[in-house]
Amino acid sequence: MALELSIGFLPLVDAALPILAHEHGFAEEEGLNLRLVRDMSWATVLDRLLYGHTDAAHMVAPLAIATTLGRGRPAQPLAVPFVLGLNGNAITFRPELAQQLTQPGKLGDPALAGRRLAEIVRGSARKLRFGVVHRYSSHNYMMRYWLAASGIRPDEDVEITTVAPPYCADALEAGEVDAICVGEPWNSVAVERGAGQIVLATAQIWRRGVEKVLALRQPVLEEKREATEALIRALVRAGRHFVDPANWEANAAILSRPAYIDGDPALIQRAIADRLLLQKGGDVVHFADFMFQYREAANFPWVSQAEWLYTQMVRWDGMAYSDQDAEKAARVFRPDVYRGALLGTAEPLPGASSKVEGSLVQRTAVTAQQGAMVMEDNRFFDGVPFDPADLAGYLSRLP
Amino acid sequence: MRIAIIDESATRAAVIHEGLAELDDCEIFVVTERRGLVARIGEIAPDIVLMDLGNPSRDVLEEYFAFSRALDRPIAMFVDESDDEAIAASIDAGVSSYVVDGLAPHRIRPILDLAVRRFNAFSRLQSDLAEAKGKLAERDAVDKAKRILMDSRGMPEPQAYAELRKAAMNQGRRIADIAEAVITAHQLMGGR
């Protein structure tokens with residue numbers, strides 16, 4: 001009998017891997033039938049996951065940890081055996097602000113744009129408002145990381161509010177927010193409408209920042225371990241397919257369908273190809289690794305990533321650091337399941353399950369459990385590395 | 001009791017409203033406009049908020065309920081977190097509910113049950129509508145197929161219909177499917 005899994009997702013380019021695993025038959029070849037369930041808010045994606053409408057979900061990484069720790073609703077342990085991708089978001093400002101932060105036609109320099117923004121914030125008669133897609137999103141944490149490192153206190157000097165991705169362009173246009181941090185295609189939609197100008201890619205804030213994950217309820221993962229492992233293998237194949245330029249046009253066409261993103265295939269293809277139109281009427285620029293869905297074991301659920309997310313939750317969510325919570329958060333990411341699914345395949349597997357994040361300046365060969373692995377620049381823009389061996393120390397050094 | 005219904009579909013909101021109107025001592029507010037949603041909820045100061053699961057603004061509203069100090073009474077998701085059956089029923093129906101903490105469950109439960117029933121009734125209305133549309137389309141197809149047979153084989157209408165029905169019975173298929181096949185074949189043969 002074929003294995004079956006249902007997966008909830010939001011219409012975003014980084015929901016690509018489950019969609020492509022289904023559409024290209026990679027799941028089927030692993031003996032797995034997928035059913036994809038499209039929703040319009042993370043709240044509903046999470047409700048369906050928690051109440052058994054779906055087995056797994058495309059999810060903003062911090063939400064998986066917040067759910068496990070019982071932030072906002074009763075705690076339910078989630079498990080993340082696969083990272084659906086790194087980065088792929090951007091920060092888009094109202095055009096008149098953007099022009100003060102960066103040169104026309106170029107992405108900003110995060111340190112310089114941050115200093116300029118701090119001056120604007122200090123000189124502004126009103127509080128600037130920034131929109132992020134969810135309180136427990138990497139968008140929120142990336143935005144806050146950048147602001148704080150630039151001398152702006154996110155909760156005092158500015159206001160950070162939640163805006164649903166499909167409404168980001170509207171909110172900019174209506175002046176409800178001064179900037180948004182959102183995934184594609186929504187920055188591009190704002191640019192095409194002349195409502196915004198892209199100033200930064202989140203990859204400039206943290207070159208290898210964890211973004212969406214595949215989350216399951218922990219008991220469901222145990223119960224459907226075989227199906228989950230089949231899914232991981234299918235997702236890896238989808239990742240390989242996604243990054244191959246030969247497939248970009250066809251994949252953008254699939255993702256653009258009404259059942260998936262329901263958007264303009266040209267904008268979707270741009271994001272897949274790491275290309276961005278920064279402002280209306282300008283030229284498309286290429287930013288390498290804007291989205292990072294496959295290489296360097298991008299899909300490996302590094303325990304250190306979960307721990308970094310936990311430190312940011314402590315920082316911004318009004319919770320005290322505790323070793324017990326840190327341990328619970330760390331256990332959400334499940335490299336053991338990822339390894340189990342891919343052991344004996346041609347896929348490289350890293351030797352370690354945790355690493356010092358943001359410590360690599362250049363291409364570096366790392367030890368591997370199988371295959372050969374090279375990792376590249378993975379720094380934070382302020383150069384501060386994250387050592388998972390000392391979470392409290394890291395927190396004490398942050399502004 | 002003040003109940004806010006947030007729904008971008010004005011039709012569905014009306015169906016829910018109508019259902020809840022039969023309750024005593026309930027004041028009902030319908031919000032279909034997304035702009036200024038949070039401010040509007042602040043003004044209404046509801047005891048219960050009902051919102052469809054497909055609404056993209058759910059994350060915005062949850063953030064507001066969980067963290068904003070604008071509403072001085074805390075709002076929790078669902079009436080009683082231990083009541084999994086009620087939650088599952090509302091998710092099946094496609095409605096989420098947020099309730100001010102401390103309201104007596106016996107006052108809330110009938111409202112939520114009613115909301116679930118109205119959501120389900122609306123879904124049924126929609127599927128009935130889709131079915132009715134489908135039936136109309138089928139009747140069109142049968143009429144078209146009859147005309148093709150009447151024109152190309154010089155049959156009177158009753159005979160054309162009898163031919164379609166006979167083919168359907170012989171092949172164990174629906175008459176509408178046979179009609180579609182006739183139309184497709186006719187188009188392939190150069191007819192219009």
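**Entry 1: ground rules.** I noted that residues are numbered from 1 along each chain as its sequence is written, and that chains are lettered from A and ligands numbered from 1 in the order in which they are written. As the model is predicted, local features need pLDDT of at least 70 and side-chain atom pairs count only at pLDDT 80 or more, while totals for chains, interfaces and linings use all residues.

**Entry 2: chain B as a whole.** I looked up the elements of chain B and found seven helices and five strands (helices, H or I, have at least four residues, strands, E, at least two; both are DSSP runs numbered from the N terminus). Along the sequence they follow the pattern β-α-β-α-β-α-β-α-β-α-α-α. The chain is divided into domain 1 (2-127) and domain 2 (132-188), with bounds from an automatic or database domain assignment, and the C-alpha centres of these two domains of chain B lie 48 Å apart. I then checked the radius of gyration, which is 26 Å for chain B, whereas a compact globule of 192 residues would have one near 16 Å (taken over C-alpha atoms; the globule rule is 2.2 Å times the number of residues to the power 0.38). The C-alpha trace of chain B spans about 80 × 35 × 25 Å along its principal axes.

**Entry 3: where the chains touch.** I found 18 residues of chain B in contact with 19 residues of chain A (contact means that the C-beta atoms, placed from the backbone, lie within 7 Å). On the chain B side, helix H3 (58-67) and helix H4 (84-93) each supply at least two residues, and H3(B) gives the most, with six.

**Entry 4: a sheet in chain A.** I traced an open sheet of five strands in the order S8-S7-S9-S6-S10 (chain A), with mixed pairing (two strands pair if DSSP finds at least two bridges between them). Strand S8 (159-162) and strand S10 (197-201) of chain A stand at the edges with a single partner strand each, so one side of each has no neighbour in the sheet. Within this sheet, S7 (residues 129-132) and S9 (residues 179-183) of chain A pair in the parallel sense over three bridges, and the bridge partner of Gly131(A) in S9(A) is Ile180(A).

Key. Two residues are in contact if their C-beta atoms, placed from the backbone, lie within 7 Å.
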